[in-house]
Amino acid sequence: MEGIAESSNAQLNAPYAERWELLKDIMVHLYIDENTKLKDLVAMMKARYQFYASWKIGKAIPAKKKEGISKTLQSRAQLGKSSVVLYKDRPVETKNIRRYLKDQARREIAIGPSLINGTSDLEFLSGHALQCGNRIFMNWNVPYSVLRFPKARAEDHFSPFGQAATPMSDIVAVTPSSNFGPSPRNLPSPGHALSPNNAPSPLTVAVRDKMKADRANLFVQGQHARLLQGMNKEDKSLMTDWMHQFWQFSFKTAKNWGRGPRKWTASTLRFGDFPARRLASLPSSPAVNFGSPENHDYQQNIRKPGHDAIQKPTSLCRWSIHHLDTVKVAEWIASPPPVEEADVDPNDESSWKPWSTQENIQQFAVHLQENLESNDFSNMEVENLPILANKVARAAEQSPDQLKEEAFGFSIMGRNLSLVCDMFEEAWHKDFTLHDVFPLHLATSYLDGARTCCGIFSTIVANLPIGEASATVRKLYTNHLNHTVLDNLMIAILKAHTSCAPATVDDAFKKEHRFVGEEVDICGRWDADSDCIRQLQALGNPTIPFEWKHMFCHTSVQAISHCIGILWEHPVAPDINTPSGLFLKRCSNELCGLKLQLRPLHTLVVTTVHLAQQGCKGENLFGIWPACSECDDEQGCSHSELTPLELTREVPKDLVRSWSLEARTGWKVFCAVLNLCNAEWISRKEGAMSSNDEDNLSLRMCFRHKIPCTNQKLATLWAAVQTELVTYRRLAEGDAWISPNFNMESLLESLNGGSDLAIGLVENDMMKEFCSDCGVFQRSMNWVTLGTEEVSAYYFSNLEDWNRSTFIDIME
């Protein structure tokens, strides 16, 4: 045959066992490159080379080897290297590899239910995934400029060398060079040649698409840390910012679903107005890059605000007013005509009206999927993304239940009560458990005391599974980090009103720079879609500036105390004494090492200390008392044997003296209230022991209101605090944080002196009648969410600034 040399003396005279190596290249060339039939090859080798053997040369490459070749090509493509792959010392025919890569890239993927729980491998989770549970789309609540990814481990880096051997030792990749000429071992392959105009070769395109498909698979499995570790800096930026744009779109759509614009696009979401800080170029940019933010339209021709361009939000709160719906509208009054979409200005909320037809959570989920498919929500081109976006969209389409759970999560974060109610309607008719969304924790992470107050939380609690086992309720009450819902409310206080870092509350957060939900202010001064937050994130600020925060105010206190009351008035309320997952430590004694776990009131004490130590100017700890009054923790730590009151006495006196006068006064009042609670508990215990009824020690309930009883002084204090919360707000800069009807110093004197409480609301008969056993107002429709008209003997509220008020109907 042409191109085959005659037999040489070395080949004919060599020992028979050595002839295989001498003749191997010739045989492989004839069989693979010349397509010589096997029987002809056997005859040829016998006649020409006097070589007799059983033949096991195969053209087909096993699937496992093809996958190894695919990974090798992807690793090198990530570094911008073109490749020739050798399999068993022979160049691989690119046509077969391209076919394999295309077939694999076309495989369908779906979001599997088993991939949603995200409760394992916490070490690899961060941000939203770590603090609220690993989700597919909900994790991306910040842009790349905010994230600080840990450096990849050494084994995660791609080889920088021109030749890379894979763990399969018979696969080697080499970089073509000018001297990589034709030979029996190095044959030219048209699949590696560049197309006209320097376009990528067919093999390069196939490798790129396979890499993007593999990334899409990792994405829908929720393996986001692994996904990002396999990307260079530019691809991480593109991926993160694209998904953050989808998060912003989903949040904005959920928040406003049912009113205003029916469809939010990249233009109406104004992504061009909030450019991310540019990334520094890498020292050696790959020749083949699947998308660089330096080269795409979404980074071009956009304004670049500096730090001074961020307008600091007002320090004045907004608030919600719970009220009795006493106004009846006649049925014959016609509703206003529906507003056409063309008449809605997305930048002018005053022009927004309710939609003429309401759409439910199912339609909302479909809307999310359709936008993933169309990419209308983003100003980034899908072909420039480091992932196959169409595969992500198809996976969402093929996983409607999982997508609906994500839509439910966005509904909670966006505080859309209608969508949340729709989801529970769906759950009643389908097998949705919603446990893995951690809805109670998510609602308290995005608590909004100004617009919805406790509304979302109340709706979720109202739909707790009354008929199911108590284990189900415990699963909803404690999340994957062993944080209770009460823990999350303590975190809500610290993140909104102190400079505490996440690691302060849990060592699991030691790498975290921000608390989840910081982008929504509990006092209503900013939201995740507010300009100040978007500018802040675009500039790479990982957390809310401390100067934006203010003391634990009435709006925040009201929302948090409402959540506590709502949870424990439910028929299947969780155990209020469930140990806390915050501030967990181990005994430093090497012979002990016991886990020192706090109970709820101990956690409240520690939270109060942090609020006083790291809180904002003017902090007076007024807001801590409602939580203190509603908790009933009767047991101390079994290791240190400290009650909550004894724990307050362990706080260093030098530390307390370093606090402001307001904080010191508030701390003394807090300790005095705890002392009253402790005295009441001792009284109950002694009474139970004398009557041999210790089993019912903690079950003394108010017969009329079905909540735990207390003494008259605590009942009066509780009623006065509730009245203060629903009748007073700080209206202007310089105004007092507490009304003149509630003087802290006078209250402290009366608590310590044993006299009647010196509170103006009490002394001046400004409150309606309340129960002396529990502090509940006698004619209240719902003792948790009170209205001004239910507590005030006459009208003296100052909440008449209707531009800052949201009215919420009181539910029975």
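Q: Is W428 buried or exposed?
A: W428 counts as exposed because its relative accessibility is 66% (exposed means over 50% relative accessible area, buried under 20%, and partly exposed in between, with a 1.4 Å probe and protein chains only). The model is predicted, so local features need pLDDT of at least 70 and side-chain atom pairs count only at pLDDT 80 or more, while totals for chains, interfaces and linings use all residues. Residues are numbered from 1 along each chain as its sequence is written, and side-chain values use heavy atoms, with hydrogens and water left out.

Q: Where does W428 sit, and how far is W428 from N463 in space?
A: W428 belongs to helix 13, which covers residues 417–429 (helices, H or I with at least four residues, and strands, E with at least two, are DSSP runs numbered from the N terminus). Although W428 and N463 are 35 residues apart in sequence, their C-alpha atoms lie 9.6 Å apart in space.

Q: OK, and the whole chain, how many helices and strands does it have?
A: The chain has 28 helices and 8 strands, and buried residues make up 53% of its 812 residues. Among the contacts in the chain with a separation of 6 or more, 77% are between residues 24 or more positions apart (a contact means heavy atoms within 4.5 Å).

Q: What does T444 touch?
A: Leaving out residues up to four places away in sequence, T444 touches F457, V485, N488, L489 and A492. With N488, the side chain of T444 also makes a polar contact of 2.9 Å (a pair of N or O atoms within 3.5 Å, where within protein one must be able to donate a hydrogen and the other to accept it, and residues adjacent in sequence count only if both atoms are side-chain atoms).

Q: How do helix 17 and helix 19 cross?
A: The axes of helix 17 (residues 485–497) and helix 19 (residues 554–568) come within 11 Å and cross at roughly 180° (axes are lines fitted to C-alpha atoms, for helices over the stretch in contact, and angles run from 0 to 180 degrees between N-to-C directions). Helix 17 is therefore roughly antiparallel to helix 19 (over 145 degrees; under 35 is roughly parallel, 65 to 115 roughly perpendicular and the rest oblique).

Q: Which residues meet there?
A: From helix 17, V485, L486, L489, A492, I493 and H497 meet S556, I560, C563, I564, L567 and W568 of helix 19. By class, the contact of helix 17 with helix 19 has 10 nonpolar, 2 polar and no charged residues (Ala, Val, Leu, Ile, Met, Phe, Trp, Tyr, Cys and Pro count as nonpolar, Asp, Glu, Lys and Arg as charged, and the others, Gly among them, as polar).

Q: And what angle does helix 19 make with helix 25?
A: The axes of helix 19 and helix 25 (residues 712–727) cross at roughly 125° and come within 9 Å, which means that helix 19 is oblique to helix 25. H554, V557, Q558 and S561 of helix 19 make this contact with E724, L725 and V726 of helix 25, and the residues divide into 3 nonpolar, 3 polar and 1 charged.
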